[in-house]
Each structure stands twice: as structure tokens, then as C-alpha cells.
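Here are my notes for you to read with the model open on your screen. Take the points one at a time and find each spot as you go.

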Amino acid sequence: MNIDKKAAIKVIAAITASAALCAVLGTTTARAATINVANVLELTGTGATAGTNFKNGVELAIKEINASGGILGNKIASTTLDTQSNPGVAKGLVKKAVDDDVFAVFGPIFSGSFIVSMAETRRAEIPNITGAEAANITMQGNPYVFRTSFTQADAMPKVASYIVNDAKVGKLAIIYGNNDFGKGGRDMLIKALEKSNTKIVADISTDPGQVDFSAAVLKAKQSNADAVFVYTNEEESAHVLRELRKQGWNKPIIGETTLIGQKVIELAGDAANGAISHVGLTADAKNPLMQAFKQRFEKEYKYAPDHNCIKGYTGMYFLKAAIEKVGKLDRKAVAQALHGLTIKAAQQPGVLMDVTIDDKGDINRESFITQVKNGKQEVISVLPPLKK
């Protein structure tokens, strides 16, 4: 069969072009990857409120990022594992996530669970993002741990300043939860108050999961304190607020983030009105990005977001910013990039506020003093980032 020379050249050229295109497509496909992350969180047990809300924040961020093309063209996929609010279970599930070779782990939220499990992600050099607040988490020099919340070492001096300079409390009663979270916060507050004129007149320990706080509140009343500082997990905080009102407490009730979270306000009802807290994050901040997030969250989940929702949401955007800075999917390099990283909300709106992550994995940004009025948080003061 005779083949025209020119025709043969055209066929060869077409085949060559087709092969080149296949090679390009093959390269593109090879570059595309799924970024697998694991949510290891408290979905049942005493931490269910915090864990579920954190998870919902992470999942909303993933949905948004994937809808906008992913990270460096790669889509994110997540799996969720329930720690049952049990440190032993949490450690085993983090190990499972590590064995599954995920790119990052989100959680646990409970400080005790995080402390016993974070060695697993460190061993595997996997970034581990959490909303846990115990001060000793980032004091251990783990280069793969990153918070989306303030460490107690930074939050409690702000609380102490409010107690001393604004509320002008002379005698203070403390009601705290007897776990890593509660004890850590209590210790940091006492340390921050050491050189002030505020004296601790009652130091009252309570159990995680406790529902009857009548004895604890009675001790606070009998101490003749000018105010009470409450530092327990969300569900316990609601019980404390109700008991304080039941026993006729009419003095200031002061706390940190967990005292007046959205779920606490719902559970405590009118008993939450008047309570004041320092919070690192609130969906009621007069911030256009925060307000837009709140609307999107309510549309997606049919309820108002609390601080845990925001912590999970912003944590995913922390990861996105670091991956984009590195320019490739390299877990160790991403962890290194997160240290010392300043993320501007103008360039990465998902972080909602400008934030800096320090060399220990702790954050620095604005925070708020809020008060519950008519069943809602109201910002009464905006505090600037700490000078470090």
C-alpha cells in the first residue's frame, strides 16, 4: 500500500502531539493528590459539645476550600474518629490516624487527651492542630503542635488584668475543674494575680462531669468573696451558673472562654445573664469576616457557632496558608512554615483575624472581654495582641 509522504508526516506529527498531550495530562494527574486529614475529637462524653463544634468548623472550611479549587489544586478529604472524651481512646485513635498516613490531625480538644496522644503525631512528623488550652501542651517543645486557641499562659494574664483593674476585685473565689485543663488555668490565674492586691479566699476543686455544684457554690458564698472565677468545661459551667443564681449569688461571675460559650448560654438560660469572660474568639465580634462566617455557619448547621466552631474553621485555614507558603505537600516543611508564620486576613480571609503563630505553636492576636446580655454575648472590650 502506497502512503503519501506528506500524509505520513502529518500522521507522525499527530501521534507525537497526542503522546505529548498524554504525557502532560499524566504529569498533571500525578501532581494532583488528595490531602487526607483526620478529626480525632470528642463526639460523645463530657467533651461532646466542644468536639462536635470543632469538627463542624473544620468541615465547613474543607467544603469552602474544595469548592474554590482546593489547596494547590488538591482537594481535601477528612475522616472523623470519636475519642469518647477518653484519653486512652484518644491516644489509640491518633495512632490509627498516623498509621493511615494522614497529612494532618485535628484534635483532640480535651487537654488531657491531647497531652497523651501528641507524641504519636510527633513521631510521624504530622502537623497536629488543636483548640486545647492547657499551658503545658506547648511547653514540651513539640514542633508539630499548633493551637487555634490562646494558651492559658497568655489568656490568664488578660483575665487577671480585668479582675484587678476593671472589676477591682479584692477577694476572689475560684471554682475549677480537677483535670489538666482546669488545673492548668487555675495555676496560671493564681500566678498572674500574685503581685496584685486581689487575694484568693476560696480555691474550690470540682470533678469533670459533675452536675451538683451546690457545695462548691456554698463554699464560694461563705468565703465572702467579691467575685467568683469559674473555670470548668462547657456542660459543668452551665450547672455552676444555674447553681450560683439558685443560691442568690449577686456578685460578679468571671471566667474564660468556656464559661459563656453558646452552648453554655443555651443550657444555663437566664442564669448566664451578666456573666463576663475573656474570650479569644467570638462570633459576635464586630468584624465583617467573622459576621460573614457566622452567617455561613448558621446556614450550613442551623445553629449559632461558638468558639470551638471558629477554632476548627480557622485551623484548616492555618494549614492551607502554610501549604501554600511551602508550595508542595510536605508535612515536615509545612510544620516548619507554621512556626513564626503571620497570616493576614486580607490575604487569607478564612483566618478571620490577623494572627501570628510563634515558635512554640501558640497564637497571638486580638481577643475580647464579653458579657452575656439577654441570652447573647456582647463584646464590651477589644484587647490588642500581646507584646512579646
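1. Let's start with a pair of strands. Strand β1 (residues 35-41) and strand β2 (residues 76-82) run parallel and are joined by seven bridges. To find one of these spots, look for Asn36, whose bridge partner in β2 is Ala77. Keep in mind throughout that this is a predicted model.

2. Zoom out for a moment. The protein has 388 residues, and 53% of them are buried. It contains 12 helices and 15 strands. The C-alpha trace spans about 110 × 40 × 40 Å along its principal axes. If you take contacts between residues at least 6 apart in sequence, 65% of them join residues at least 24 apart.

3. Which residues touch the most other members of the largest nonpolar core? They are Val37, Phe106, Met316 and Leu319, in a core of 52 residues. Two or more residues come from each of β1, α2, β3 (104-106), α10 (288-301), α11, α12 and β12. The top contributor is α11, which gives 10 residues. As a bit of background, nonpolar side chains in soluble globular proteins tend to be buried together.

4. Have a closer look at Leu319. Setting aside neighbours within four places in sequence, Leu319 is in contact with Val37, Phe103, Ala104, Phe106, Ile129 and Val334. Apart from this core lies another one, of 26 residues, with Ile175, Ala220, Ile260 and Ala275 among them.

5. Next, helix α12, which covers residues 331-338. Its buried residues are Ala333, Val334, Ala335, Ala337 and Leu338. Among the elements covering them are β5 (145-147), α11 (307-326) and β12 (355-357).

6. Just after the helix comes Gly340, which takes a positive phi of about 80 degrees.

7. On to the seven-stranded sheet. What is the order of its strands? Reading across, you get β7-β6-β8-β9-β10-β14-β15, an open sheet with mixed pairing. The edges are β7 (199-206) and β15 (376-383), each of which pairs on one side only. From one strand to the next, the twist averages 25 degrees.

8. Within that sheet, pick out β6 (residues 171-177) and β8 (residues 227-231). These two run parallel, and five bridges join them. Ile175 stands opposite Val230 in β8. Helix α5 (residues 152-166) packs on the sheet, where α5 touches β6, β8, β9 (253-255), β10 (276-279), β14 (367-373) and β15. The direction of α5 makes about 165 degrees with that of β8.

9. Last, one aspartate in a loop. Asp358 sits between β12 and β13 (363-364). Is Asp358 buried or exposed? Its relative accessible area is 15%, and the cut-off for buried is under 20%, so Asp358 counts as buried. The side chain of Asp358 also reaches the backbone nitrogen of Gly361, at 3.0 Å.

Methods:
Residues are numbered from 1 along each chain as its sequence is written. This is a predicted model: local features need pLDDT of at least 70, side-chain atom pairs count only at pLDDT 80 or more; totals for chains, interfaces and linings use all residues. Side-chain values use heavy atoms; hydrogens and water are left out. Buried means under 20% relative accessible area, exposed over 50%, partly exposed in between (1.4 Å probe, protein chains only). Helices (H or I, at least four residues) and strands (E, at least two) are DSSP runs, numbered from the N terminus. Contact means heavy atoms within 4.5 Å. Two strands pair if DSSP finds at least two bridges between them. Axes are lines fitted to C-alpha atoms, for helices over the stretch in contact, and angles run from 0 to 180 degrees between N-to-C directions. A nonpolar core is a set of buried Ala, Val, Leu, Ile, Met, Phe, Trp, Tyr and Cys residues joined through side-chain atoms within 4.5 Å. A polar contact is a pair of N or O atoms within 3.5 Å; within protein, one must be able to donate a hydrogen and the other to accept it, and residues adjacent in sequence count only if both atoms are side-chain atoms.
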